[in-house]
Amino acid sequence: MFCRKCGHEIPNDSNVCQYCGEEVVYGSRPSDYKPTNGMAIAGLITAFISPLLGWIFGGIGLKRANNGYGGKWMAILAIIIATANFAYSMYMVSTGKLDELLNQFMNQ
Ligand SMILES: [Zn+2]
């Protein structure tokens, strides 16, 4: 077989390419396989509830995505949603709309 990184022919039973040191991956798994990025998923879910959690998980998820994990766009989306959630909360508080909303809720 051939090394997927440097293209040298290497013995079929080798675990590591003897030319470039690339780890040999067996099976039908495509070479661009990326492990699931749980942090990006967590960020995407928590961003709706808490901007802070969305930023933390989204940030860790983005860091992982840059280290070979999948879910890069999910992590970016989590950060965007968290930011939007934060901006919306600030808007609601600064304009007094949050108080209005709470009052309406209390008076029902
Ligand atoms: Zn190689």
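This is a predicted model: local features need pLDDT of at least 70, side-chain atom pairs count only at pLDDT 80 or more; totals for chains, interfaces and linings use all residues.

Colleague: Let's start with the metal. What makes Cys3, Cys6, Cys17 and Cys20 donors of the zinc ion?

Modeller: Distance does it. The SG atoms of Cys3, Cys6, Cys17 and Cys20 lie 2.2 to 2.4 Å from the zinc ion, so they pass the cut-off.

Colleague: Which spacing do the donors of the zinc ion follow along the chain?

Modeller: They follow C-x2-C-x10-C-x2-C. Within that set, cysteine 3 and cysteine 20 are 17 residues apart, and each sits in the segment before α1.

Colleague: Why is cysteine 3 called buried, while cysteine 20 counts as partly exposed?

Modeller: Buried means under 20% relative accessible area, and exposed means over 50%. Cysteine 3 has 7%, so it is buried. Cysteine 20 has 33%, which falls in between, so it counts as partly exposed.

Colleague: What does cysteine 20 touch, leaving aside its neighbours within four places in sequence?

Modeller: Cysteine 20 is in contact with Cys3, Lys5 and Cys6. As for threonine 83, it is 63 residues from cysteine 20 in sequence and 43 Å from it in space, C-alpha to C-alpha.

Colleague: You mentioned Lys5. How do you know whether lysine 5 is buried or exposed?

Modeller: Lysine 5 has 58% relative accessibility, so it counts as exposed. It lies in the segment before α1 and, setting aside residues within four places in sequence, is in contact with Cys20 and Glu22. Its C-alpha is 9.1 Å from that of glutamate 23, which is 18 residues away along the chain.

Colleague: What about asparagine 66: what puts it on one side of the line?

Modeller: Asparagine 66 has a relative accessible area of 51%, so it is exposed, given that the cut-off is over 50%. You'll find it in the loop between α2 and α3.

Colleague: And why does phenylalanine 57 count as partly exposed?

Modeller: Its relative accessible area is 24%. Buried would need under 20%, and exposed over 50%, so phenylalanine 57 is partly exposed. This residue is in helix α2, and not counting residues up to four places away, it touches Met39, Ala40, Ala42, Gly43 and Thr46.

Colleague: Last one: why are α3 and α4 called roughly perpendicular?

Modeller: The label covers angles from 65 to 115 degrees. Helix α3 (residues 72-94) packs against helix α4 (residues 97-107) at about 80°, with the axes 4 Å apart. That makes α3 and α4 roughly perpendicular to each other.

Colleague: Which residues make the contact?

Modeller: Tyr91, Met92 and Val93 come from α3, and Lys97, Leu98 and Leu101 from α4. They divide into five nonpolar, no polar and one charged.

Key. Residues are numbered from 1 along each chain as its sequence is written. Side-chain values use heavy atoms; hydrogens and water are left out. Axes are lines fitted to C-alpha atoms, for helices over the stretch in contact, and angles run from 0 to 180 degrees between N-to-C directions. Helices (H or I, at least four residues) and strands (E, at least two) are DSSP runs, numbered from the N terminus. Angles under 35 degrees count as roughly parallel, over 145 as roughly antiparallel, 65 to 115 as roughly perpendicular and the rest as oblique. Contact means heavy atoms within 4.5 Å. Ala, Val, Leu, Ile, Met, Phe, Trp, Tyr, Cys and Pro count as nonpolar, Asp, Glu, Lys and Arg as charged, and the others, Gly among them, as polar. Donors are N, O and S atoms within 2.8 Å of the metal (3.2 Å for Na, K and Ca); water is not among the atoms, so sites may look incomplete. Buried means under 20% relative accessible area, exposed over 50%, partly exposed in between (1.4 Å probe, protein chains only).
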